[in-house]
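Take a walk through this protein with the model open beside you. Follow the residue numbers as they come up.

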Amino acid sequence: MRIRAARHDDLARLVEIERAAAEAFRSLDMHLVADDDPGSVEELAPYADAGRAFVAVDADDRPVGYLLLDLVDGNAHVEQVSVHPDNARRSIGRALIGQAASWAGERGLRAVTLRTYVAVPWNGPYYERLGFRYLAADEETPGLRALRDRERGAGLDAWPRACMRLSLGAGANHRRG
Ligand SMILES: CC(C)(COP(=O)(O)OP(=O)(O)OC[C@H]1O[C@@H](n2cnc3c(N)ncnc32)[C@H](O)[C@@H]1OP(=O)(O)O)[C@@H](O)C(=O)NCCC(=O)NCCS
């Protein structure tokens, strides 16, 4: 497995990965999340053009997971990280989060942030193991609060969600696998 920048000819596969990965939420009766719009090639293209989309590829250079990054309030923000269930639990997600940390570090950014479900085993508890910590509501920056409001509009906050932050640089505790 290696990680490279996403190309336009990868993007249809990324939509497939997203749809397949979201199926995991059905096991927790989170059907709204499983059925959430997986996005489109058109929505992914700007991330690829901006160099903020990365794919984990197999030996045939076929994407099996991907990472989308935004810049939110001066930090790298994980807009999406997904691994195809056929390739799950092989540390690909961990490597993609490592890529987010490297990307941020190379740009002198201080942290990686994300929003996720607190009680889903492969979300909040998983990111905690990767070194993220939960932000209290009053620690959320305006851009993170705006993302929360957008999720509310889509009904995705029917289950507890929170912001998490991985601090980089001095004192950082990200564990690279
Ligand atoms: C989150 C995700 C990217 C992790 O990818 P991954 O490559 O499987 O993760 P890793 O191999 O690095 O870590 C696996 C760990 O995640 C947790 N995990 C993954 N899938 C799990 C599942 N179905 N049930 C419980 N825990 C799970 C476990 O802690 C697991 O460790 P273990 O295998 O030692 O028990 C992947 O599960 C995914 O795409 N999920 C659906 C989409 C999603 O939730 N994206 C994040 C939105 S914020």
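A residue counts as buried under 20% relative accessible area, as exposed over 50%, and as partly exposed in between. Arg152 has a relative accessible area of 47%, so it is partly exposed. Its salt-bridge partner is Asp157, and their closest N and O atoms are 3.4 Å apart. Asp157 is partly exposed as well, because its relative accessible area is 34%. Keep in mind that this is a predicted model.

Why can such pairs form? Side chains of opposite charge can pair when their charged atoms come close. For a salt bridge, a side-chain nitrogen of Lys or Arg must lie within 4 Å of a carboxyl oxygen of Asp or Glu. By this rule, the structure has 16 salt bridges.

Look next at Arg148 and Asp149. Their side chains form a salt bridge, with 3.8 Å from N to O. Arg148 has a relative accessible area of 21%, so it falls in the partly exposed class. Asp149 is partly exposed too, at 42%.

Now go back towards the start of the chain. Arg7 and Asp9 make a salt bridge, and their closest N and O atoms are 3.1 Å apart. How exposed are these two partners? Asp9 is exposed, because its relative accessible area is 60%. Arg7 is partly exposed, at 38%.

Stay with charge, but turn to a patch on the surface. Asp36, Asp37, Glu42 and Glu43 gather there, and the patch is negative. Find Glu43 in helix 3, which covers residues 41–49. Glu43 has a relative accessible area of 46%, so it is partly exposed.

Helix 1 comes next. It runs over residues 11–22, which makes 12 residues. From its first C-alpha to its last it reaches 17 Å, close to the 16 Å expected at 1.5 Å a residue. Is helix 1 largely enclosed or largely open? Nine of its 12 residues are buried, so the rest of the structure largely encloses helix 1. Among the buried residues are Leu11, Leu14, Val15 and Ile17.

Asp29 has a relative accessible area of 56%, so it counts as exposed.

Arg89 lies in the loop between strand 4 and helix 4 (92–106). At 87% relative accessibility, it counts as exposed.

Strand 4 itself covers residues 75–83, and Asn75 belongs to it. Asn75 is buried, because its relative accessible area is 10%. How far is Asn75 from Arg165 in space? They are 90 residues apart in sequence, and their C-alpha atoms are 9.4 Å apart.

End with Ala158, in the loop between helix 6 (142–153) and strand 7 (161–167). Its relative accessibility is 56%, so Ala158 counts as exposed. Ala158 and Gly105 are 53 residues apart in sequence, and 34 Å separates their C-alpha atoms.

Definitions and conventions: Residues numbered from 1 in each chain as written. Predicted model: local features only at pLDDT ≥ 70, side-chain atom pairs only at ≥ 80, totals over all residues. Heavy atoms only, no water. Patch = residues over 30% accessible without salt bridge, like charges linked within 9 Å, V, L, I, M, F, W, Y side chains within 5 Å. Areas by Shrake-Rupley, 256 points an atom, 1.4 Å probe, with all protein chains shown as cover. Lys, Arg positive; Asp, Glu negative; His and termini not counted. Charge placed at Lys NZ, Arg CZ, Asp CG, Glu CD. Helix = DSSP H or I, 4+ residues; strand = E, 2+ residues; numbered from the N terminus. Buried < 20%, exposed > 50% of the residue type's maximum accessible area, 1.4 Å probe, protein only. Expected span 1.5 Å × (residues − 1).
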